[in-house]
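Subject: Structure handover

Hello,

Here is the structure for your set. My notes on what turned up follow below it.

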Amino acid sequence: MYLTIRRYKKMLLDSDRYEAVINYGKDAINKLNENELEEGFTAAEKGWEAFPESGAKWNQGYNYAKMFYGRALQYHDMAIAKLWLDRMTENNDTLHIFDFEIDHMKAKYEFEAGNHDIAFQIWDNLVKQKGVKYRYFEYDDPKYLEFYKSKK
């Protein structure tokens with residue numbers, strides 16, 4: 001009985017922490033939508049820190065990092081984009097959930113950073129993987145696929 005109650009309390013603590021992550025994330029998105037970039041990314045950072053034991057150990061951490069990676073790319077803040085990309089990669093390395101998607105995200109980062117040859121190589125390797133082809137380009141900015149096809 002004691003272990004059940006103890007596990008339940010741990011679940012509540014994790015649930016409370018995850019609620020904090022969500023609240024920081026909402027606050028961050030609202031601030032970013034209002035072009036308050038510094039405040040928005042600061043709130044996002046607080047959300048990452050609110051994950052129990054690090055966002056790298058939680059499935060939700062990947063999508064949280066992916067969201068702010070995308071926002072950093074949108075604002076062309078490459079330093080912040082790299083921070084969130086590294087967190088996505090760490091999370092993926094820990095949980096092994098989105099290996100091919102990570103490659104696509106790395107290629108996007110390199111493309112936006114102006115490293116077009118590196119981006120092309122990553123995409124070229126990705127497209128050659130069994131079952132992948134152009135799937136990661138489908139719901140992304142068409143400029144990435146246009147670039148890739150123009151270099152083929």
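Arg-87 lies over the face of Trp-84, at 4.6 Å from the ring centre. The criterion for a charge over a ring is NZ of Lys or CZ of Arg within 6 Å of the ring centre and within 35 degrees of the ring normal. Lys-149 sits over the face of Tyr-134 in this sense, at 5.0 Å from the ring centre.

Before the rest, the ground rules. This is a predicted model, where local features need pLDDT of at least 70, side-chain atom pairs count only at pLDDT 80 or more, and totals for chains, interfaces and linings use all residues. Residues are numbered from 1 along each chain as its sequence is written, and side-chain values use heavy atoms, with hydrogens and water left out.

Back to Arg-87. It is in helix α4 (residues 78-95). Helices here are DSSP runs of H or I with at least four residues, numbered from the N terminus. Arg-87 is buried, at a relative accessible area of 11%. Buried means under 20% relative accessible area, exposed over 50%, and partly exposed in between, with a 1.4 Å probe and protein chains only. Setting aside neighbours within four places in sequence, Arg-87 contacts Glu-45, Trp-48 and Ala-65. Contact means heavy atoms within 4.5 Å.

Next, the aromatics. The whole structure holds 16 aromatic pairs. Rings of Phe, Tyr and Trp (its six-membered ring) pair if their centres lie within 6.5 Å; planes under 30 degrees apart count as stacked, over 60 as edge-to-face and the rest as tilted. One of the pairs is Phe-111 with Phe-147: the centres are 5.0 Å apart and the planes at 65°, so this pair is edge-to-face. In α7 (residues 142-151), the buried residues are Tyr-144, Phe-147 and Tyr-148. They cover an arc of only 95° around the axis, which puts them on the same side of α7. The arc is that of the directions from the helix axis to the C-beta atoms. Exposed Glu-146 and Ser-150 are on the face of α7 turned away from its buried side. The cover over the buried residues of α7 includes α5 (99-112) and α6 (116-127). At the start of α7, a side-chain oxygen of Asp-141 comes to within 3.0 Å of the backbone nitrogen of Lys-143.

Helix α6 has 12 residues and reaches 16 Å from its first C-alpha to its last, close to the 16 Å expected at 1.5 Å a residue. That expected span is 1.5 Å times one less than the number of residues. Buried in α6 are Ala-119, Phe-120, Trp-123, Asp-124, Leu-126 and Val-127. Down the axis of α6, these fall within an arc of 160°, so they line one face of the helix. They pack against α5 and α7.

His-76 has a positive phi of about 55° although it is not a glycine. His-76 is in the loop between α3 (59-74) and α4, and is partly exposed at 44% relative accessibility. Lys-133, also not a glycine, has a positive phi near 45°. Lys-133 is in the loop between α6 and α7, and is exposed, with a relative accessible area of 59%.

Best wishes

How values were computed
Helices (H or I, at least four residues) and strands (E, at least two) are DSSP runs, numbered from the N terminus. A polar contact is a pair of N or O atoms within 3.5 Å; within protein, one must be able to donate a hydrogen and the other to accept it, and residues adjacent in sequence count only if both atoms are side-chain atoms.
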